[in-house]
Amino acid sequence: MEASFLNLSAKIEAVKEGQISWPFVAPPFILIPVIFIALAMSLPLFYLLIRVIGAEDVWSLILQQRTLQVLLNTLGLAGAVTATTIIIAVPLAWLTVRTDLPGRKLWSILTMVPLVVPTLVGGFAFVAAFGYGGIVHNFFVNTLKISYQPEIYGFFGAWAVLSLLTYPYVLLSVRGALQGMDPAQEEVARTLGKTLWQVFWQVTLPKLRPAIASGGLLVTLYTLSDFAAVSLLQFDSFTRVIFLQYRSAFDRTYSAVLALILVVVTIIIVSIEMLTRGKARYYSVNRGVKGRMKRVKLGKGKVPALIFCLLVVALALFIPVGVSAYWLIRGLLQGEPAMLRWEAAFNSFYASSIAAGVGIFVTLPVAILSVKYKSKLSSLLEKATYAGYALPGIVVALSLVFFASNYALPLYQTLPLLIFAYVILFLPQAMGTLRSSLLQISPNVEDAGLTMGFSRFKILWSVTIPLIKSGILTGAALIFLTTMKELPATMLLGPTGFRSLTTEIWNATTEAFYTRAAGPALLLVLVSLFSLGILFYQEDREI
Amino acid sequence: MSQKNNILVIILALVVILLIGGVGQAFWGFFNDSNEDEITVYSGRSEDLIGPLFDKFTEETGVKVNARYGDTAELAATILEEGQNSPADIFFAQDAGALGALAVEGRLQTISEKYLEQVDSRLKSPEGYWLGTSGRARVVVYNTDKVEEEELPDNIWGFTEPEWEGRLGWAPSNGSFQAFVTALRVLEGEERAKEWLTKIKDNDPYEYHNNTSTVEGISRGEADVGFVNHYYLFRFIAEEGEDFPVRQIYTTGDAGSMINIAGIGILDVSRNDDRVKQFVEFMLTEEAQQHFVQENNEYPSIKELEVDNSLLKPLEEIDAPDLDLTNIEDLEGTLELLTEVGAL
């Protein structure tokens, strides 16, 4: 027993040092699921290749100056949005996890919820609030007698809306990391006379790097794939070109070529993110038990901290909710019916919960493989999982329409297929948080299990999983919220007659039924608030 | 430690049960698909517009409608991907372009002459692949606080004048706007169409997402004038009241007041039996046509129908261009033109 353990441990050590670059040392209960998942995740890629093969003058399409120009525009937007979300989210995460901010629990949940606001609703609300003749403009012109010309369209508007609706990716990821982090090092730094700011900058922030990078990656890729916000805010982006091909020319070849370009860009971005991970250790060597955290006293800093939280929540949550409520009330006063189908709310909640559960279950093996059994192959697998997320939802949905209707007809347009689509689309979201919490576990803890003769499955179950619980909760929340607002896959792949809150919103907004759109939009926020409340209640109690 | 995992175990167990249940149900449904009294409709028209009519159809015939709602173009792409395994019997599209695209791919059956002959000749495919169930006109909407009706030119060329600089709104990525541009190409030729687009582009128009956001932008006073379909204004007035500061006019004799359709085609894979025929027949009944007129403020597609809707300007009074809708299938050419002039 002793000998075989040493042998194994040496092997794992060798893999970590990069001497063995082969993931097959991983136990089968990790390896086998990973292979299946990687295959499933590659379906959209296979589909795109099938569509592109045999296409004529592909290169002239790709090399059109406009295509490249638009691609650069989009990358610029993605960069700006990512930087902004980090600036918003890191302070928010620190304030809500590490300090005695008044109303901390409420703020933690309120600051996450903007993630559930569909960009279509968020974009409409932003224009209605800040555009010419909008609520804010009217207030300035009519009440304050200050006239100005609001310039909300183009880069600025798209940047503002996407930043406000996607910062929760970074926030959730960083929160998860902060909660998993052993506070002992920060306390030591404090006792050595470092100021609060120095501790944050020199001790906390460097350890948050993987979490910031993985959250930032999600924001970047989301920005690349979003259509509604850029279209409403009149910004010329790459996805708009893809959509035009589908919507106007019914051309599936050209759009597949464009989508493949997006995949290549994604792989480059993910590779860059992987490079920034470096070789640093993020765990504390002596850690076995998590130390009790002392909350930082904000003192006089409370007021600016509260103003900051309020400002973010006001812009990202209160405006879309306020504008929806305004539509609802205005329509009701005119005698319009407000249609609330509870069935839609239940379906959204039900499908999103299953997607979150399945998503975590299948992401865990991939994350373990990428952290504990790092190799060239495992990082390739990890990159492949991001492909589905960076593609516009319609591309992934159509690829599954193709495969399911031709090769898995009994499953076509059923709930299991829809869940499968959600998992392909959103698996990368849980990836980042699971990775960063796994990185924080010292391998010594797991090795200790091995010396005690536990099987590796037993160690995973009773040592690893409890230690990464906050990462699991965060990952589940991310998948849950994004599934709640998913539209194209839900429409094309859901069981016939399946209504969700987003299909209800789409149904109403395409034909200018604002009153009917407002009900489901508000319900979406409400159901999400409630679900997050339950999910994070427990977490808060433990701290 | 293991106690901490309780919640995970419960969640996992639930997920497994639900999934097994779902898969089981899916297979059960698939192998017991013996329900004769159903048809499947892929509808690019939203449930709010068309759902009540499907219910009426079921009520009268006992045939259940399995409706899948979605964006017209995305559903057309779905049908193409599904190939011969498509479960759809009928494609209900928001515009003639999508139906034309499916017809070109050989995915539509010809509809029986019995039904085609009831429909206005301008609102159906001459080869009989699809027919219009209702009509919608293109209009010019304007903000009543900023423009007097008298100031508006009576044709689309008037808006190319420099006085409209910075005051126009359009939605070049929207399907119904593109149908209008295609009509313009057919009616006036490529050169003139290009000239119009270039001149409008020089007037620096606001570029909206779709019809809804165009009307909304004009109501705020952002743009003064915009090109949209006729019935969106009625929706806004219903929600915001009579003082909603937007009204609309029809241009005369040009593409600016073209009539497009919402319509249906029968898929090649459909058994096209009595139930499908009943559906087509129902959509042309007076009851269904009155639903389009009264509830959706659209124009009827059948030849003789009493229209009693004060909001609608009667079709006879609109000087709509004489246009065969099959000619507006060439969306690709329109896309190229829009890209060429820099509108897309």
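**Salt bridges, charges and a buried strand**

A: Take one pair to begin with: B:Arg220 and B:Glu216 make a salt bridge, with their closest N and O atoms 3.1 Å apart. Keep in mind that this is a predicted model.

Q: What is the general idea behind such a pair?

A: Side chains of opposite charge can pair when their charged atoms come close. In this case, B:Arg220 and B:Glu216 both belong to helix α8 (residues 211–220) of chain B, where they are 4 residues apart, about one turn of the helix.

Q: Are B:Arg220 and B:Glu216 buried or exposed?

A: Both B:Arg220 and B:Glu216 are buried.

Q: How many salt bridges are found over all chains?

A: A search of the whole structure gives 29. One of the pairs is A:Lys302 with A:Asp100, at 3.9 Å from N to O. This pair links distant parts of the chain, 202 residues apart: A:Lys302 is in helix α14 (residues 302–333) of chain A, and A:Asp100 is in the loop between α4 (65–98) and α5 (104–112) of chain A. A:Lys302 is partly exposed at 29% relative accessible area, and A:Asp100 is partly exposed at 22%.

Q: Which residue forms a salt bridge with B:Lys194?

A: The partner is B:Glu340, and the closest N and O atoms are 2.7 Å apart. B:Lys194 lies in helix α7 (residues 190–202) of chain B and B:Glu340 in helix α12 (residues 331–340) of chain B, 146 residues apart. B:Lys194 is partly exposed, at 29%, while B:Glu340 is exposed, at 53%.

Q: Which residues are linked in a network of salt bridges?

A: A:Arg341, A:Glu343, A:Arg499, A:Glu504 and B:Glu47 are linked in this way.

Q: Which residues form a negative surface patch?

A: The patch consists of B:Glu148, B:Glu149, B:Glu150, B:Glu151, B:Glu161 and B:Glu163. Of these, B:Glu163 sits in the loop between β5 (130–143) and β6 (168–170) of chain B.

Q: Why is strand β10 of chain B described as largely enclosed?

A: A residue counts as buried when its relative accessible area is under 20%. In strand β10 (residues 259–267) of chain B, 9 of the 9 residues are buried, so the strand is largely enclosed by the rest of the structure.

Q: Which strands pair with β10(B)?

A: Among them is β3 (residues 90–93) of chain B, antiparallel over 4 bridges, with B:Phe92 as the bridge partner of B:Ile264. Strand β4 (residues 108–109) of chain B is also antiparallel to β10(B), over 2 bridges. Strand β5(B) runs antiparallel to β10(B) and is joined by 7 bridges; there, B:Gly132 stands opposite B:Gly263.

Key: Residues are numbered from 1 along each chain as its sequence is written. Chains are lettered from A and ligands numbered from 1 in the order in which they are written. This is a predicted model: local features need pLDDT of at least 70, side-chain atom pairs count only at pLDDT 80 or more; totals for chains, interfaces and linings use all residues. Side-chain values use heavy atoms; hydrogens and water are left out. Patches are made of residues with over 30% relative accessible area and no salt bridge: like charges are joined within 9 Å, nonpolar side chains (Val, Leu, Ile, Met, Phe, Trp, Tyr) within 5 Å. Accessible areas come from the Shrake-Rupley method with a 1.4 Å probe; for residues, only the protein chains shown count as cover. A salt bridge is a side-chain nitrogen of Lys or Arg within 4 Å of a carboxyl oxygen of Asp or Glu. Lys and Arg count as positive and Asp and Glu as negative; His and the chain ends are not counted. The place of a charge is taken as NZ of Lys, CZ of Arg, CG of Asp or CD of Glu. Buried means under 20% relative accessible area, exposed over 50%, partly exposed in between (1.4 Å probe, protein chains only). Two strands pair if DSSP finds at least two bridges between them.
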